[in-house]
Amino acid sequence: MTSPHTSTDISPAFASPALGWLLLLPALLGTLITLLLPTVQTILLSLQSAGLTGPSVFVGLANYGQVLGQGAFWKALVFTLSITVIPLLVAVVVGPLLALALDWSGAWPRRAGRIVLSLALVAFSPVAVALSWMRGLMSDASGLATMAEGLRDPATAPGTLQLIMAAATFGVVCALATMAFLPALRGGTVSPALLAVGGLVALAMVAAGLQTFAIGLTLTHGGPNGSTQTLSLVQYTYAFMVGRVGLGATVATIMGVVLGVLGIGAVCVAAASGMRITVEPREATARAESAAARSGSGAKVVVGVVALVIVAAVGLALTWPWLSALLAPAQPGSAAPSGLGTVVNTWAPALIGALVSVGVAYLGALGIGGLRPLGRRSEWLLLVFAPWLFVGMGPLSLADWRTIRGMSLIDSFIALVQPVLVSVPALLILTLLCKGLAARTGKDFLSGVVLPSLPMAGILVLAITLVNGQDLLWPLLVAQDPGLATAPVQLLTRSSGYSAAPPDVGLATPLAVVAVALIGIVAAQLLYLDRLAITVGRSRADLSPA
């Protein structure tokens with residue numbers, strides 16, 4: 001992306017505080033009901049001694065003393081942070097370097113890179129990847145998967161799992177980081193926007209690592225001898241395996257506080273830096289790329305292509321245990337592939353949840369970023385939502401599960417829909433986009449902000465659908481009926497059975513779903529995401545008196 005920015009004044013035609021507050025109201029209500037209330041419930045549960053059922057007794061801070069006084073908690077915390085180190089380095093080192101090489105090399109290498117990296121996003125399934133590595137424990141295993149042998153010994157299991165998780169997530173981490181950094185680049189040069197994006201990426205990676213659950217549960221269940229326990233596994237074990245709800249809620253509260261601090265920090269970085277996202281006009285993009293092509297050299301193209309080939313080759317090598325398991329012929333005794341019911345259980349609730357949470361976030365983003373109810377300080381309204389920016393289902397799962405059980409919805413299809421009415425990550429991204437669009441357009445609100453931002457809302461629906469569909473924790477908690485099992489839950493159940501044949505890892509990534517998602521994300525990359533630009537700094541409107 002090489003075209004420069006034009007004026008960044010906020011159009012006075014969009015100054016409609018009343019409508020802005022009205023559009024923000026659903027997001028505020030959704031946050032109150034599905035984020036703040038479960039958080040308060042979790043904190044209250046952490047002050048009680050209770051089982052999954054039956055009465056509870058108020059014990060004050062006793063649970064915190066017990067959890068923090070145990071070496072197991074601190075051991076799990078250190079191990080959880082340790083498995084975050086390599087993915088974090090990939091995100092903040094490999095990601096920007098690859099983005100720099102692709103942007104510097106010109107339009108077609110950059111777009112080719114976007115397509116190649118998209119493959120890692122649509123095919124990633126934590127449970128399926130973990131099961132493919134478990135094949136390394138078989139007597140006839142060969143290649144990289146044999147590294148899983150180290151999981152048998154408590155002395156080597158932590159280091160082995162760190163390496164496996166780094167390998168398993170290399171492709172998706174590198175893809176997400178590169179695509180985050182690309183819009184911040186200008187003709188292959190480092191900018192303040194690149195540094196601000198790097199801060200957000202680093203915070204997001206730490207937050208994601210702190211909530212690691214599916215791969216650890218599938219591969220080791222926290223063993224052997226508790227050597228690979230993560231914080232999420234400790235919370236799950238306390239609350240749902242041994243029925244110590246107060247202790248589980250305590251771990252969830254501690255995680256929530258840390259994640260809340262990270263979320264507030266991220267929003268402060270975005271707001272204080274004046275970050276905004278814009279969509280470059282097609283004509284301006286074409287002219288800039290044509291000029292860059294005329295002045296460019298073959299050496300730049302070679303650099304971009306070589307960088308992409310190296311990263312793709314490394315990603316392919318690290319993904320080979322999953323690819324070999326996916327392509328392996330079915331073995332005698334293996335379970336037959338699940339039918340349409342599993343596909344519906346997995347993807348219909350995932351899509352419903354994404355449509356609702358992104359739709360509510362989109363309205364809020366139009367209110368904050370597009371209509372600017374607090375003027376140049378409007379993006380600071382995101383601080384209201386910031387504590388939940390990085391919070392997944394884990395820290396809220398205990399309170400949400402009790403609510404679903406109280407409504408007698410356990411083992412119902414509707415329970416598979418994640419109980420979150422507003423996606424805070426989507427709200428942040430869309431707000432920054434609406435802010436940038438409002439600042440640059442001379443058109444009316446509909447054609448200048450709403451229509452150009454709609455594709456991004458659709459892209460986020462697709463992304464969150466993929467994430468929801470591959471989630472293991474929530475469907476594992478609310479659907480004990482085998483007829484309601486999602487693909488990740490079925491894979492986990494089959495891997496824990498007594499059959500000698502390995503489960504079909506392709507169950508979590510059916511060809512039809514992958515094909516549809518790949519077509520959608522490639523089209524989005526080429527037609528829309530490749531035109532995005534991220535800038536920081538105050539506009540003239542921001543610098544003017546309130």
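Which residues does Tyr 236 touch, not counting residues up to four places away in sequence? In this predicted model, local features need pLDDT of at least 70 and side-chain atom pairs count only at pLDDT 80 or more, whereas totals for chains, interfaces and linings use all residues. Residues are numbered from 1 along each chain as its sequence is written, and side-chain values use heavy atoms, with hydrogens and water left out.

With contact defined as heavy atoms within 4.5 Å, Tyr 236 touches Phe 213, Met 241, Leu 473, Leu 476 and Leu 477. Tyr 236 is placed in helix 9; helices (H or I, at least four residues) and strands (E, at least two) are DSSP runs, numbered from the N terminus. The relative accessible area of Tyr 236 is 13%, and the residue is therefore buried; buried means under 20% relative accessible area, exposed over 50% and partly exposed in between (1.4 Å probe, protein chains only).

The protein chain as a whole holds 20 helices and four strands. Of its 546 residues, 53% count as buried. Among contacts between residues at least 6 apart in sequence, 83% join residues at least 24 apart. The chain exposes about 22000 Å², of which carbon and sulfur atoms supply 73%; accessible areas come from the Shrake-Rupley method with a 1.4 Å probe, and for residues only the protein chains shown count as cover.

A search of the whole structure finds four aromatic pairs. Rings of Phe, Tyr and Trp (its six-membered ring) pair if their centres lie within 6.5 Å, and planes under 30 degrees apart count as stacked, over 60 as edge-to-face and the rest as tilted. The ring centres of Phe 73 and Trp 74 are 5.2 Å apart and their planes stand at 80°, so this pair is edge-to-face. Phe 73 counts as buried because its relative accessibility is 5%, whereas Trp 74, at 42%, counts as partly exposed. Phe 240 and Trp 401 form a further edge-to-face pair, with 5.6 Å centre to centre and 85° between the planes. This pair links distant parts of the chain, since Phe 240 lies in helix 9 (residues 231–241) and Trp 401 in helix 14, 161 residues apart. Phe 240 is buried at 15% relative accessibility, and Trp 401 is buried at 11%. Phe 213, Tyr 236, Phe 240 and Trp 401 form one aromatic cluster.

Helix 14 (residues 393–406) also meets helix 1 (residues 17–46): the two axes come within 8 Å and cross at roughly 95°. Axes are lines fitted to C-alpha atoms, for helices over the stretch in contact, and angles run from 0 to 180 degrees between N-to-C directions. Helix 1 and helix 14 are therefore roughly perpendicular to each other, the class for angles of 65 to 115 degrees; those under 35 count as roughly parallel, over 145 as roughly antiparallel and the rest as oblique. The residues of this contact divide into seven nonpolar, five polar and two charged. Ala, Val, Leu, Ile, Met, Phe, Trp, Tyr, Cys and Pro count as nonpolar, Asp, Glu, Lys and Arg as charged, and the others, Gly among them, as polar.
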